[in-house]
Amino acid sequence: MEVDSTSPSPIPKKSAKSAKAHVLIVEDNELVTGALRILFEETGRRVTVAHSVAEAVKAGESDPPDLLLLDLTLPDGDGLEVAQRLAKSGIKPKATVALTGRDDPESLKRCSDAGVTAVMVKPVPTRELLRKATEWLG
C-alpha cells in the first residue's frame, strides 16, 4: 500500500479550553466574583476565580490568563503582587486591570508602575468592563 504524501496532515482542533479567552478574577468578595464570573461566562469566556495572592499566582501559573482582573486589597497582600509574580514566571496577560475603590494619584502611579493596562474604580460599570474586555482581548 502506497502512502499519498500530497495529502494534507490533519490539523488538530483547538480544545474547548484553549479556544475561549481565559479571565482570571482576583477578588476576595464572593458577591463580586460571582457576578463577574456570570458576566464573563455568559459572553463566552472561561473564568477562574482566586480570593488571595497565593491562589491567584497558583491559578495563573497553571492556566495563564488572557485577562487579569485584580483587586488591590487582598487578605494576604497587594493584588499588584499577582501581576509581578506572574510576570517573573513569564506569564503576561493581554491586559491586566486593577479593580479598586481607590483612584488617588499614589494608587494610580503604583498601578502604572506595575504595568497595569487600566484602573477601574468600584463599583465597576459592567457594560464598560465588557466593552473594554472585548477590546483588550482582541
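**Helix packing and nonpolar cores**

In this predicted model, helices H2 and H6 pack with their axes 11 Å apart, at an angle of about 45°. The two helices are therefore oblique to each other, since angles from 65 to 115 degrees would count as roughly perpendicular and those under 35 degrees as roughly parallel. The crossing in which H2 passes H6 is right-handed. On the H2 side, the contact is made by Leu36, Leu39 and Phe40; H6 contributes Thr126, Leu129, Leu130 and Ala133. Sorted by class, the residues of this contact are 6 nonpolar and 1 polar, with no charged residues.

In soluble globular proteins, nonpolar side chains tend to be buried together. The largest nonpolar core in the model has 20 residues. Within this core, the members that touch the most others are Phe40, Leu67, Leu69, Val97, Leu129 and Trp136. At least two core residues are supplied by each of the helices H2 (30-42) and H6 (126-137), and likewise by each of the strands S1 (22-26), S2 (46-50), S3 (67-71), S6 (95-100) and S7 (118-121). H6 provides the largest share, 5 residues.

The surroundings of Trp136 were examined with its neighbours within four places in sequence left aside. On this basis, Trp136 is in contact with Leu67, Lys94, Ala95, Val97, Thr117, Ala118, Met120 and Leu129. Another core, of 14 residues, lies apart from the largest one; Leu24, Ala50, Val53 and Ala83 are among its members.

Note on methods
Residues are numbered from 1 along each chain as its sequence is written. This is a predicted model: local features need pLDDT of at least 70, side-chain atom pairs count only at pLDDT 80 or more; totals for chains, interfaces and linings use all residues. Side-chain values use heavy atoms; hydrogens and water are left out. A nonpolar core is a set of buried Ala, Val, Leu, Ile, Met, Phe, Trp, Tyr and Cys residues joined through side-chain atoms within 4.5 Å. Buried means under 20% relative accessible area, exposed over 50%, partly exposed in between (1.4 Å probe, protein chains only). Helices (H or I, at least four residues) and strands (E, at least two) are DSSP runs, numbered from the N terminus. Contact means heavy atoms within 4.5 Å. Axes are lines fitted to C-alpha atoms, for helices over the stretch in contact, and angles run from 0 to 180 degrees between N-to-C directions. Angles under 35 degrees count as roughly parallel, over 145 as roughly antiparallel, 65 to 115 as roughly perpendicular and the rest as oblique. A crossing is left-handed if the near helix is turned anticlockwise from the far one by less than a right angle, and right-handed if clockwise. Ala, Val, Leu, Ile, Met, Phe, Trp, Tyr, Cys and Pro count as nonpolar, Asp, Glu, Lys and Arg as charged, and the others, Gly among them, as polar.
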